[in-house]
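Please give a short report on this structure for someone who has not seen it before.

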Amino acid sequence: MDYINLGKTGLKVSRLVLGCMTFGSSNWAPWVLGAEASRPIIDKALDLGINFFDLADVYSLGESETVVAEALKSVPRHKLVLGTKLYNAMSNDPNDRGLSRKHVFEAVDASLKRLGTDYIDLYQLHRFDYDTPLEETLDALNDVVRAGKVRYLGASSMHAWQFMKAIGIQRANGWAPFVSMQNHYNLMYREEEREMLPLCRSEGIGVIPWSPLARGRLAGRGGEATTRSQTDKTANALYDATLEQDEAVIAAVRTVAERHGRPMAQIAYAWVASRPGITAPIVGISKLHQFDDALAALEVQLSDEDVALMEAPYRPKPVAGHI
């Protein structure tokens with residue numbers, strides 16, 4: 001496994017990030033793996049040299065953090081990069097959500113307890129909070145960094161103007177800055193190329209995109225009936241199975257995959273991982289063999305012709321993934 005700096009920080013992270021939404025409790029979603037089924041996948045990630053684990057408090061309403069922490073408890077803390085997120089509702093209480101000062105302080109402590117650690121390496125805003133003044137959120141985030149509870153700050157899907165406004169406020173006040181952006185990016189959804197990705201390259205922000213395979217569609221599994229495909233409401237909201245342009249993108253990936261003699265998943269992963277400014281894609285693994293494609297993709301050399309063929313069918317889309 002190769003390691004790379006996260007943006008312009010000195011933090012070294014693996015070229016693949018293990019997404020941990022798959023681990024936790026099936027009570028939250030029927031496709032989520034429990035502790036026993038999750039353990040071999042987490043162990044395999046460690047064996048492969050993956051040091052970066054991406055979580056969120058809302059994943060299985062905290063159970064994901066607990067399950068992953070238990071699986072990692074024997075690993076020396078300095079060898080791990082633990083990232084988690086806050087924003088989404090953790091209960092019916094009106095203050096148990098969002099990015100208020102109250103919730104930031106309570107959420108970080110709750111995640112620390114579930115993770116069984118004294119600090120979080122990367123604490124990320126899961127989404128933008130339109131109900132809380134940005135200054136209030138950023139002030140609170142600066143405080144948790146200065147208190148030693150968080151090492152670095154990151155954000156996830158939002159508009160580029162929102163992200164740049166936040167960075168500007170941090171700079172003006174000398175507050176701890178955002179160092180990473182976790183956004184929705186793959187061959188079927190490239191709207192991030194318009195503003196967010198150029199912004200991140202300009203400002204030295206690390207990029208760790210989510211859904212690099214478009215929920216399996218770019219792996220050629222679009223028609224495969226699985227528990228997740230039948231129950232994942234987010235996937236159905238993000239991707240329209242009837243769009244001809246998406247079918248054209250999938251066909252192009254298939255053509256390039258056949259040209260290289262590789263599975264489609266490797267080609268789709270390789271495209272994301274090789275785009276300018278990308279630090280590491282977040283890979284969601286539910287079966288051990290899926291690591292093979294993610295790891296092999298890092299060695300794939302796509303030609304300019306390959307890239308042009310896969311990018312050609314894309315047409316502008318409505319913004320998706322910010323909510």
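This is a predicted model: local features need pLDDT of at least 70, side-chain atom pairs count only at pLDDT 80 or more; totals for chains, interfaces and linings use all residues.

The report below starts with the sheet and then turns to helices, loops and a pocket.

Strands of a sheet pair through backbone hydrogen bonds, either parallel or antiparallel.

| Strand pair | Bridges | Sense | Facing residues |
|---|---|---|---|
| β8 (residues 178-182) and β9 | 2 bridges | parallel | Ser 180 and Gly 206 |
| β7 (residues 150-156) and β8 | 4 bridges | parallel | Gly 154 and Ser 180 |
| β4 and β5 | 3 bridges | parallel | Phe 52 and Val 81 |

How many residues of β8 are buried? The count is 5 of the 5, so β8 is largely enclosed by the rest of the structure.

Strand β5 (81-86) is mostly covered as well, with 6 of its 6 residues buried. In a regular strand the side chains alternate between the two faces of the sheet. Both faces of β5 are covered. Val 81, Gly 83 and Lys 85 are buried on one side. Leu 82, Thr 84 and Leu 86 are buried on the other. Val 81 is also the bridge partner of Phe 52.

**Helices**

Two packed helices are described by the angle between their axes and the distance between the axes. Helix α2 spans residues 63-72, and helix α3 spans residues 101-115. Their axes come within 7 Å and cross at roughly 35°. On the α2 side, the contact involves Glu 65, Thr 66 and Ala 69. On the α3 side, Ser 111, Arg 114 and Leu 115 take part. By class, this contact has 2 nonpolar, 2 polar and 2 charged residues.

Helix α2 also holds Ser 64. Is Ser 64 buried or exposed? Its relative accessibility is 0%, so Ser 64 counts as buried. Beyond its neighbours within four places in sequence, Ser 64 is in contact with Cys 20, Phe 23, Gly 24, Leu 55 and Tyr 59. Ser 64 and Tyr 3 are 61 residues apart in sequence. In space, C-alpha to C-alpha, Ser 64 and Tyr 3 are 25 Å apart.

Helix α11 (residues 290-297) is mostly covered, with 6 of its 8 residues buried. These are Gln 290, Phe 291, Asp 293, Ala 294, Ala 296 and Ala 297.

**Two loop residues**

Ser 60 lies in the loop between β4 (52-54) and α2. Its phi is positive, about 55°, although Ser 60 is not a glycine. Ser 60 is buried, with a relative accessible area of 7%. Not counting residues up to four places away in sequence, Ser 60 touches Phe 23, Gly 24, Ser 25, Trp 28 and Val 32. Phe 23 and Gly 24 are also among the contacts of Ser 64.

Tyr 87 is found in the loop between β5 and α3. Tyr 87 is not a glycine either, yet its phi is positive, about 150°. Is Tyr 87 buried or partly exposed? At 24% relative accessibility, Tyr 87 counts as partly exposed. The cut-off for buried is under 20% relative accessible area.

**A pocket**

Rolling a probe the size of a water molecule over the atoms shows where empty space is left. The second largest pocket has a volume of about 180 Å³. Which residues line the second largest pocket? Met 158, His 159, Ala 160 and Trp 161 belong to the lining. So do Tyr 189, Glu 191, Glu 192, Arg 194, Glu 195 and Met 196. Val 319 and His 322 complete the list. By class, the lining has 6 nonpolar, 2 polar and 4 charged residues.

Terms used: Residues are numbered from 1 along each chain as its sequence is written. Side-chain values use heavy atoms; hydrogens and water are left out. Two strands pair if DSSP finds at least two bridges between them. Axes are lines fitted to C-alpha atoms, for helices over the stretch in contact, and angles run from 0 to 180 degrees between N-to-C directions. Contact means heavy atoms within 4.5 Å. Ala, Val, Leu, Ile, Met, Phe, Trp, Tyr, Cys and Pro count as nonpolar, Asp, Glu, Lys and Arg as charged, and the others, Gly among them, as polar. Buried means under 20% relative accessible area, exposed over 50%, partly exposed in between (1.4 Å probe, protein chains only). On a 1 Å grid over the protein atoms alone, a cavity is a set of points where a 1.4 Å probe fits but cannot get out, and a pocket is an open set with protein on both sides within 12 Å along at least five of seven lines; lining residues have an atom within 4 Å of a point. Grid points are joined across faces, edges and corners, and a volume is the space filled by probe spheres set on the points.
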